[in-house]
Amino acid sequence: MNFLQSMFKSRYGVGHSVQYLRKIWNNGLIASLKKYRDIQEFKFGTLVGVDKFGNKYYEDKEESYLRDRWVEYADKKNYEASHVPPEWHAWIHRISDAPGSSPEVISLTPKYSRNHRFNPSGTSNAYTPPMYVLNPEYGAKEDPNVFRPKPEDLVSFKRD
């Protein structure tokens, strides 16, 4: 096999580019550009499932290992890793091969667990301690445990 043939069959050579161009052609140019706009990558795969928050999970066996599973978030402008529920986290990080919507994973979910909550840090719903300056209720009411002297109670010292 000569150099050109090996380069054409290489994972990142001309063959890889031809493979992407073929996928773009099959999915349509407009749909491919929208996907590139949303996730900054040309990714094509089969839809594995959708979670209760609307996130879509995909898999592409032709992609390189550890890059063959990904999520497209429902909220494309405001997303972070805490938007992935635990059952899908196990699938996307290869802890389990069963997708999060499979009966096997659902049967393993404990009945006493709480509903998944997003991380509120950096938002207006973030926790702030009661006597923290950035807390909206700070200074709204008098705290009886805090000593605040009144101006008339202060004694002035004069030097002679």
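A polar contact here is a pair of N or O atoms within 3.5 Å; within protein, one atom must be able to donate a hydrogen and the other to accept it, and residues adjacent in sequence count only if both atoms are side-chain atoms. The model is predicted, with local features needing pLDDT of at least 70 and side-chain atom pairs counting only at pLDDT 80 or more, while totals for chains, interfaces and linings use all residues. Residues are numbered from 1 along each chain as its sequence is written, and side-chain values use heavy atoms, with hydrogens and water left out.

**View 1. Glu59 and its polar partners.**
Glu59 is located in strand β2. Its side chain makes a polar contact with the side chain of Arg69 at 3.2 Å, and another with the side chain of Lys61 at 3.3 Å. With a relative accessible area of 13%, Glu59 is buried (buried means under 20% relative accessible area, exposed over 50%, partly exposed in between, with a 1.4 Å probe and protein chains only). Leaving aside residues up to four places away in sequence, Glu59 touches Gly45, Thr46, Val48, Asp68, Arg69, Trp70 and Trp91 (contact means heavy atoms within 4.5 Å).

**View 2. The whole chain.**
The chain has 5 helices and 3 strands; helices (H or I, at least four residues) and strands (E, at least two) are DSSP runs, numbered from the N terminus. Along the sequence these elements follow the pattern α-α-α-β-β-β-α-α. Of the 160 residues in the chain, 24% are buried. Among contacts with a separation of 6 or more, 36% join residues 24 or more positions apart.

**View 3. The three-stranded sheet.**
The sheet is open, with 3 strands in the order β1-β2-β3 and antiparallel pairing. β1 (46–50) and β3 (69–72) stand at the edges with a single partner strand each, so one side of each has no neighbour in the sheet. On average, neighbouring strands of this sheet are turned by 30 degrees against each other, direction ignored; axes are lines fitted to C-alpha atoms, for helices over the stretch in contact, and angles run from 0 to 180 degrees between N-to-C directions. Two strands count as paired if DSSP finds at least two bridges between them. β1 and β2 run antiparallel and are joined by 4 bridges, and in β2 the bridge partner of Thr46 is Glu59. Strand β2 (residues 56–59) also pairs with β3 in the antiparallel sense, over 4 bridges. Here Lys56 has Glu72 of β3 as its bridge partner. Strands of a sheet pair through backbone hydrogen bonds, either parallel or antiparallel.

**View 4. The β1–β2 hairpin and Asn55.**
β1 and β2 form a hairpin with 5 residues between them, and Gly54 in the turn has a positive phi of about 95 degrees. Asn55 lies in the loop between these two strands, β1 and β2. Asn55 is buried, with a relative accessible area of 4%. A polar atom of the Asn55 side chain lies 2.9 Å from the backbone nitrogen of Ala74. Not counting residues up to four places away in sequence, Asn55 touches Gly49, Val50, Val71, Glu72, Tyr73, Ala74 and His83.

**View 5. Lys23 in helix α2.**
Lys23 belongs to helix α2 (residues 14–27). This lysine, Lys23, is buried, with a relative accessible area of 15%. Not counting residues up to four places away in sequence, Lys23 touches Phe44, Asp60 and Glu62. The C-alpha atoms of Lys23 and Gly45 are separated by 9.7 Å, and the two residues are 22 residues apart along the chain.

**View 6. The largest pocket.**
About 450 Å³ of space lies in the largest pocket. Of the 21 residues that line the largest pocket, the closest to its centre are Pro86, Glu87, Val105, Ile106 and Thr109. α4 (86–92) and α5 (103–108) are the elements that give two or more residues to the lining. On a 1 Å grid over the protein atoms alone, a pocket is an open set of points where a 1.4 Å probe fits, with protein on both sides within 12 Å along at least five of seven lines, and lining residues have an atom within 4 Å of a point. The volume is the space filled by probe spheres set on the points, with grid points joined across faces, edges and corners.

**View 7. Arg94 between two helices.**
Arg94 lies in the loop between α4 and α5. Phi of Arg94 is near 65 degrees, a positive value in a residue other than glycine. Most residues other than glycine have a negative phi. Arg94 is partly exposed, with a relative accessible area of 23%.
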